[in-house]
Amino acid sequence: MTIASEVNEKLSALPEASAVAMRLRTEQYFDAIQGMLDLFATDKELEAIYITSTIPSQSIINALEVLEIPLDHIWFVDCISQIMMSATKRHPHAIVVESPTMLENLMLKVEFLLRKNPERKALVILDSINSLAIHNNTKILSEFLHILVNNLRSHAAYTVIFSMQEYETEEIRNMLVLVSDESVELGHEIEAVAD
Amino acid sequence: MPPKEREVTNERERCATGIEGIDHVLNGGIPRGNTVLVAGSVGTGKTSICIEFLVHGALGGENSLYLSVTEPSSKLLKNVIPFDFFDDRLIKQGKLHFVDLPGVYEKLGIEKSEFTFDEIRLLVDTIAALVDQYNVRRFVLDSVTSVSYRLEEPELVRDFLLRLGVVLSSKGCTSLLVSEFTPTGEGYSRLGVEEAIADGVIVTGNLERRGDLLRTLQVVKMRGTSHSRAKYVLDLTTSGVLLVPLLKGGSVQGGG
């Protein structure tokens with residue numbers, strides 16, 4: 001089974017409003033994105049909101065275009081492009097937050113996109129907890145995740161939080177245990193966090 | 001104590017602002033008939049909040065009036081956020097009214113730099129007449145600060161606000177009065193009188209945290225309801241004013 005199919009299968013097994021910590025290895029990154037956006041979100045007819053603090057949204061858009069994944073139901077909250085002072089053109093489906101430290105604004109942009117597209121359920125992908133941890137201390141990041149995830153639950157949205165295994169710390173693992181219902185490690189079975 | 005336990009049994013009727021975050025903070029909306037100061041420094045969203053309050057009112061069948069003091073309403077409407085829910089038929093149908101106060105001054109023959117007690121009464125009576133004429137249930141004065149510049153003494157400001165508040169409240173009109181103040185100043189208005197007389201005070205501001213500038217909102221006073229006094233971060237969007245809690249970052253001053 002490909003990584004993309006595995007992601008789709010594991011997410012499809014979860015109930016609505018689930019919050020999932022997806023622990024990835026770097027080489028699985030684009031396959032996991034494809035599994036979520038092309039397979040899972042399409043099958044479930046979800047509006048995908050992709051929060052990126054790792055690489056600029058335009059880089060992800062370029063990759064999706066190469067993979068011929070339509071962008072009609074994919075939106076980006078990009079909190080890295082502005083801080084990089086990059087002069088690239090902005091895609092109409094990308095909203096920029098000035099800095100990854102403006103966590104409240106990040107929540108506000110997600111809320112805005114949920115309101116703009118109320119007719120479909122949402123999949124919100126946070127890419128990634130590791131890059132947000134570069135810019136924010138653990139306390140504010142835990143508080144942010146707690147509020148974001150619970151707010152998304154109230155919208156019956158799926159939340160997927162990327163964590164790159166190579167950059168995980170003990171603090172990040174604890175934070176993910178606190179806010180997620182499930183931890184998905186590709187190539188392994190789903191582990192129930194509550195256990 | 002949780003807000004629910006503090007709620008009084010004979011709840012006052014609410015005027016839901018239509019701004020979900022603010023209605024949540026106020027446990028359902030502004031108690032009907034209250035006169036509320038919306039105070040803040042420039043660029044913090046005061047006018048957007050007020051216009052959204054009026055538009056939601058008009059959409060819900062409550063006639064609404066915006067009394068503009070400093071900026072011609074034609075210019076204001078060009079610069080205001082194009083709300084997705086705004087429908088310009090509300091203006092044509094007489095649900096939403098914009099009136100420029102300088103035009104009112106001119107009609108009353110009181111185009112001067114300082115008002116007397118009699119002129120204040122005349123002004124309040126004229127506003128009351130407008131409220132009656134348009135059957136207004138929601139009213140905004142933007143800004144009370146600009147009016148108060150013509151009222152040199154705090155007693156005159158007090159008289160103006162007391163009279164205005166009584167008149168509007170007696171007509172079942174829920175009102176927002178915009179107050180501009182500098183972030184370094186004390187209080188929430190030019191003379192410090194307005195916040196004492198108003199039934200409620202909603203403060204908007206700019207919070208600088210590690211070089212980031214966040215727009216904030218806090219309800220510091222609201223008669224007739226229990227409410228959150230926490231600080232929230234707001235965003236002005238085409239879907240309206242959105243609020244989320246200000247992150248505390250482990251109680252570090254100003255957040256993480």
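**Note on a predicted two-chain model**

1. B:Ser143 lies in the loop of chain B between strand β6 (138-142) and helix α8 (144-148). Helices (H or I, at least four residues) and strands (E, at least two) are DSSP runs, numbered from the N terminus. The peptide bond that leads from B:Asp142 to B:Ser143 is cis, and its omega is near 10°.

2. This is a predicted model, in which local features need pLDDT of at least 70 and side-chain atom pairs count only at pLDDT 80 or more, while totals for chains, interfaces and linings use all residues. Residues are numbered from 1 along each chain as its sequence is written, and chains are lettered from A and ligands numbered from 1 in the order in which they are written.

3. Chain A also has a cis peptide bond, which joins A:Asp127 and A:Ser128 with an omega of about 5°. A:Ser128 is placed in the loop between β5 (122-127) and α5 (129-135) of chain A.

4. Chain A contains 7 helices and 8 strands. Its radius of gyration is 15 Å, close to the 16 Å that the globule rule gives for 195 residues, so chain A is as compact as a globular protein of that length. The radius is taken over C-alpha atoms, and the rule is 2.2 Å times the number of residues to the power 0.38. Along the principal axes, the C-alpha atoms of chain A fill a box of roughly 45 × 35 × 35 Å.

5. Of the 195 residues in chain A, 49% are buried. A residue is buried if 20 or more other C-beta atoms lie within 10 Å of its own, exposed if 12 or fewer, and partly exposed in between, with C-beta atoms placed from the backbone. Among the contacts in chain A with a separation of 6 or more, 77% are between residues 24 or more positions apart; two residues are in contact if their C-beta atoms, placed from the backbone, lie within 7 Å.

6. Helices α1 (residues 3-12) and α2 (residues 29-44) of chain A have axes that come within 7 Å and cross at roughly 50°. That makes α1(A) oblique to α2(A). Axes are lines fitted to C-alpha atoms, for helices over the stretch in contact, and angles run from 0 to 180 degrees between N-to-C directions; angles under 35 degrees count as roughly parallel, over 145 as roughly antiparallel, 65 to 115 as roughly perpendicular and the rest as oblique. Residues of α1(A), including A:Val7 and A:Leu11, meet residues of α2(A), including A:Met36 and A:Phe40. The contact comprises 8 nonpolar, 5 polar and 3 charged residues. Here Ala, Val, Leu, Ile, Met, Phe, Trp, Tyr, Cys and Pro count as nonpolar, Asp, Glu, Lys and Arg as charged, and the others, Gly among them, as polar.

7. A:His155 sits in the loop between α6 (138-154) and β6 (158-164) of chain A. With 17 other C-beta atoms within 10 Å, A:His155 is partly exposed. Leaving aside neighbours within four places in sequence, A:His155 is in contact with A:Leu114 and A:Ala122.

8. A:Ala156 is also in the loop between α6 and β6 of chain A. Its phi is near 60°, a positive value in a residue other than glycine. A:Ala156 counts as exposed, with 12 C-beta neighbours inside 10 Å.

9. Between the chains, 17 residues of chain B are in contact with 20 residues of chain A. On the side of chain B that touches chain A, two or more residues each come from β9 (212-222), β10 (231-237) and β11 (240-245) of chain B.
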